[in-house]
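This briefing concerns side-chain packing, helix contacts and backbone geometry. The sequence and coordinates are shown first, followed by the points grouped by topic.

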Amino acid sequence: MTITEHTVKSDRHTTHYLAAGPEHGPLMVFVHGWPELAISWRHQLPVFAALGFHCIAPDMRGYGRSSVHERLEDYAQREIVADMIELLDHLGRGTAVWVGHDWGSAVVWSIASHHPERCAAVASLCVPYATLERGLDALIATVDRSLYPADQYPAGQWDYMCFYEESFEQATRHFEADPVRTVKALFRGAAPDKRGRIGNTAVVRRNGGWFGPAGIAPDLPLDARVLTEADLLAYAAALSRNGFFGPDAWYMNHARNVEFAREARHGGRLAMPVLFIGASCDYVCETVDSDLAGAMGPLCADLSTARVDSGHWMAQEKPVEVNAILCQWLATRVTAHWPGQGICREP
C-alpha cells in the first residue's frame with residue numbers, strides 16, 4: 001500500500017501529513033502524541049487503507065515537518081484543535097473517525113467535545129476521556145493513593161508534568177543532549193514486573209530531571225518490540241532538527257486547556273461512538289488499578305472499551321491487536337462510516 005506525503009498551509013500553521021488509501025474512502029485521521037511523529041501510525045495506515053479507508057496521519061504542531069511555533073501558548077489545545085479542523089477542511093471532508101494516542105488522545109477528545117459535527121467517531125489509545133485535555137489537576141485527582149500516598153507523592157505518577165512547569169528549560173535540554181539515546185530510553189515495551197511499583201515519572205522532581213544528575217538519557221539497547229533501527233533514526237533525526245521545545249510545550253498549557261475544556265458542547269457529553277483501548281502495562285496512564293478512566297463512562301453515550309497487554313506505545317508494540325480492536329469496533333459500532341456505505345462522497 002502506497003503512503004504519500006502532503007502539506008497544507010494556512011496563515012497560522014503548516015501541517016505535514018501522510019496519506020494512504022482511496023481518496024474518496026471514509027476518512028480516518030490518526031493523531032500521534034509525545035514525542036512521536038506521523039510514522040508512529042506506520043502499522044495502522046496500510047491496514048485500514050487496504051480496507052478502503054482514506055487514512056491520514058499528521059505531524060502534529062512542533063513535530064516533524066509541521067510548523068514549530070516559538071511561544072509556549074502556541075501549543076495549547078485550542079490552537080492544536082484548530083490545526084486539525086483546518087486539515088479536515090483542506091481534505092474537503094465534513095467528518096472523520098479520529099484516532100489518538102497520548103497527547104493525540106487529548107486532541108481527538110477535544111475535537112469530539114468541541115466539534116462533534118466533525119467527528120463520526122473517536123478512539124483513544126491509553127488516555128481516557130475527561131483526563132489529560134482537562135488539565136493536570138484532573139489527572140492528579142485520579143492517582144492511586146494506595147501506591148502513591150499524597151504526603152510522599154503529591155502528584156503521583158504525574159510528577160514529571162510538574163517538572164516541566166518548574167524546570168522547562170532543563171527538561172528540554174536533557175532530552176536534546178542526545179536524541180538517539182532519548183528515543184531509546186523512552187520507547188520501551190511492556191514490563192509486567194513493574195506493576196504495583198513506584199514509577200520513574202513519580203520522582204522526576206526529586207531526582208532533578210528525567211535522567212537524574214547525568215542530564216542525559218542512559219545508553220540503553222534498542223527495544224525491538226517497539227522500534228526498528230530505521231524507526232529510531234527517523235525519530236531522532238526529527239527531534240534533532242526541531243528540538244524538544246515544541247513537544248515539551250504541550251505540557252505548559254494546563255490552565256489554558258482547562259479554560260478550553262469548559263467550552264465543550266453539551267456539557268462535554270459525547271453522543272458519537274467512542275472506543276477506549278487501555279494498556280495493561282502502561283504505568284503512567286494506568287487504568288487497571290486507578291480511577292483514571294472513571295469519569296469517561298457517564299460522559300459517553302456509546303462507549304466501547306478494550307485492553308491490550310502492552311506498554312504505553314501500544315500501536316507500535318502490539319499493532320496486530322490494536323488493529324483488530326479498531327477494525328471490530330468500526331465494523332460493528334461505526335457501520336455508517338464503513339467503506340461502501342455511501343458516506344465516502346460527503347462534502
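Helix axes are lines fitted to C-alpha atoms, for helices over the stretch in contact, and the angles between N-to-C directions run from 0 to 180 degrees. The model is predicted: local features need pLDDT of at least 70 and side-chain atom pairs count only at pLDDT 80 or more, while totals for chains, interfaces and linings use all residues. Residues are numbered from 1 along each chain as its sequence is written, and side-chain values use heavy atoms, with hydrogens and water left out. Helices (H or I, at least four residues) and strands (E, at least two) are DSSP runs, numbered from the N terminus.

**Helix 5 and its surroundings**

- The axes of helix 5 and helix 6 come within 5 Å and cross at roughly 110°.
- Helix 5 is therefore roughly perpendicular to helix 6; angles of 65 to 115 degrees fall in this class, under 35 count as roughly parallel, over 145 as roughly antiparallel and the rest as oblique.
- Phe-163, Tyr-164 and Glu-166 of helix 5 meet Phe-168, Gln-170, Ala-171 and Phe-175 of helix 6, where contact means heavy atoms within 4.5 Å.
- By class, the residues of the contact between helix 5 and helix 6 are five nonpolar, one polar and one charged; Ala, Val, Leu, Ile, Met, Phe, Trp, Tyr, Cys and Pro count as nonpolar, Asp, Glu, Lys and Arg as charged, and the others, Gly among them, as polar.
- Helix 5 (residues 159-166) is largely enclosed by the rest of the structure, because six of its eight residues are buried; buried means under 20% relative accessible area, exposed over 50% and partly exposed in between, with a 1.4 Å probe and protein chains only.
- The buried residues of helix 5 are Asp-159, Tyr-160, Met-161, Cys-162, Phe-163 and Tyr-164.
- The cover over these buried residues includes helix 4, helix 6 (168-176), helix 8 (204-207), helix 10 (245-249) and helix 11 (254-261).

**Helix 2 against helix 3**

- Helix 2 (residues 77-90) and helix 3 have axes that come within 10 Å and cross at roughly 75°.
- Helix 2 and helix 3 are therefore roughly perpendicular to each other.
- Helix 2 contributes Gln-77, Ile-80, Val-81 and Met-84 to the contact, and helix 3 contributes Trp-103, Ala-106, Val-107, Ser-110 and Ile-111.

**Aromatic pairs and clusters**

- Rings of Phe, Tyr and Trp (its six-membered ring) pair if their centres lie within 6.5 Å; planes under 30 degrees apart count as stacked, over 60 as edge-to-face and the rest as tilted.
- The count by this rule is 25 aromatic pairs.
- Phe-48 and Phe-53 form an edge-to-face pair, because their ring centres are 6.3 Å apart and their planes lie at 65°.
- Phe-48 is buried at 0% relative accessibility, and Phe-53 is also buried at 0%.
- Trp-109 and Tyr-129 make a tilted pair, with 5.1 Å from centre to centre and 40° between the planes.
- This pair ties together parts that are 20 residues apart in sequence, because Trp-109 lies in helix 3 (residues 103-114) and Tyr-129 in the loop between strand 6 (119-125) and helix 4 (136-140).
- Trp-109 is buried at 0% relative accessibility, and Tyr-129 is buried at 1%.
- Arg-134 lies over the face of Tyr-129, at 5.4 Å from the ring centre; a charge sits over a ring if NZ of Lys or CZ of Arg is within 6 Å of the ring centre and within 35 degrees of the ring normal.
- One aromatic cluster includes Trp-34, Tyr-63, Trp-103, Tyr-160, Tyr-164, Phe-175 and Trp-250.

**Trp-250**

- Trp-250 lies in the loop between helix 10 and helix 11 and is buried at 1% relative accessibility.
- Trp-250 and Tyr-75 are 175 residues apart in sequence and 5.2 Å apart in space, C-alpha to C-alpha.
- Leaving aside neighbours within four places in sequence, the contacts of Trp-250 are Met-60, Arg-61, Tyr-63, Tyr-75, Gln-77, Ile-80, Trp-103 and Val-107.

**Backbone geometry**

- The peptide bond from Trp-34 to Pro-35 is cis, with omega near -15°, and Pro-35 is in the loop between strand 3 (27-31) and helix 1 (45-50).
- Cys-126, a residue other than glycine, has a positive phi near 80°; Cys-126 is in the loop between strand 6 and helix 4 and is buried, with a relative accessible area of 1%.
- His-266, also a residue other than glycine, has a positive phi near 55°; His-266 is in the loop between helix 11 and strand 7 (270-279) and is exposed, with a relative accessible area of 52%.
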